[in-house]
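This report describes one protein chain for a reader who has not seen it before. Please look over the sequence and the structure below before reading on.

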Amino acid sequence: MSIYAIEHLKGDKRREEYRTWKKWIDKALVIRKRYHNYVEDDDLFAFSEVTSVGNLLSAANMAGFIALTEYATPKRSKPDRRKKSWGRADLWISNSKRSWSFEFKQMQKTQFSSVVLASKLDKARGDARNISEDEADMRIGGLIASTFFCHKEERLRYNERCEQFALETDDVHQAWAIKAGNDDPATYLYFSVV
């Protein structure tokens with residue numbers, strides 16, 4: 001039986017984001033462990049962006065924050081970026097000091113190269129830039145990468161690539177891993193302020 005833990009991979013621990021998000025990500029681990037107790041050979045962060053963001057919403061609420069998912073908000077219009085139209089953002093979280101609006105992308109069943117990781121994070125960052133600047137104190141592009149569906153013989157290499165990406169990529173401002181061991185499935189959470 002795997003014992004999952006949180007590992008902070010990157011980010012300034014003096015920032016409000018670290019202090020607040022650590023409480024949030026710790027609760028994501030609680031949800032992960034609860035799920036593991038029911039379905040041992042599965043990962044609730046491995047399936048889809050919608051499922052993963054829903055679990056992150058639950059974790060934020062468990063941590064005592066106000067949170068919304070798939071909420072309506074003004075965004076830059078795709079046909080004409082100078083104009084705004086109504087759209088949806090993936091997640092909004094607020095504590096008593098600050099609020100954050102997130103746009104996420106999810107990866108699974110892939111080669112986990114730094115090029116692919118960077119491309120997905122860049123898409124999330126682009127979507128976050130379209131959120132109105134007055135929607136939250138900070139707009140965040142997020143990437144959720146799960147190595148659950150990778151072949152066991154490839155998993156160690158992919159986990160190493162995911163950790164290396166967090167450390168070497170300037171656009172990653174905060175990053176965590178939810179994992180048990182080096183060759184066990186892991187979920188990587190990357191956050192980038194836009």
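## Aromatic pairs

The structure holds 16 aromatic pairs; rings of Phe, Tyr and Trp (its six-membered ring) count as a pair if their centres lie within 6.5 Å, and the pair is stacked with planes under 30 degrees apart, edge-to-face over 60 and tilted for the rest. In one of them, the ring centres of Tyr 18 and Trp 176 are 6.1 Å apart and the planes meet at 10°, so this pair is stacked. Tyr 18 belongs to helix α1 (residues 16-38) and Trp 176 to strand β6 (residues 174-179), so the pair ties together parts that are 158 residues apart in sequence. Tyr 18 is buried, with a relative accessible area of 12%, and Trp 176 is buried too, at 1%. Buried means under 20% relative accessible area, exposed over 50%, and partly exposed in between (1.4 Å probe, protein chains only).

Phe 104 and Phe 191 make an edge-to-face pair, with 6.2 Å from centre to centre and 80° between the planes. Phe 104 is in strand β4 (residues 99-107) and Phe 191 in strand β7 (residues 186-193), so this pair ties together parts that are 87 residues apart in sequence. Both Phe 104 and Phe 191 are buried. One aromatic cluster is formed by Tyr 18, Trp 21, Trp 24, Trp 100, Phe 102, Phe 104, Trp 176 and Phe 191.

## Basis of the model

This is a predicted model, in which local features need pLDDT of at least 70 and side-chain atom pairs count only at pLDDT 80 or more, while totals for chains, interfaces and linings use all residues. Residues are numbered from 1 along each chain as its sequence is written, and side-chain values use heavy atoms, with hydrogens and water left out.

## Fold and overall form

The chain has four helices and seven strands; helices (H or I, at least four residues) and strands (E, at least two) are DSSP runs, numbered from the N terminus. Their order along the sequence is β-α-α-β-β-β-α-β-α-β-β.

The C-alpha trace spans about 50 × 35 × 30 Å along its principal axes. Of the 194 residues, 49% count as buried. Among contacts (heavy atoms within 4.5 Å) with a separation of 6 or more, 66% are between residues 24 or more positions apart.
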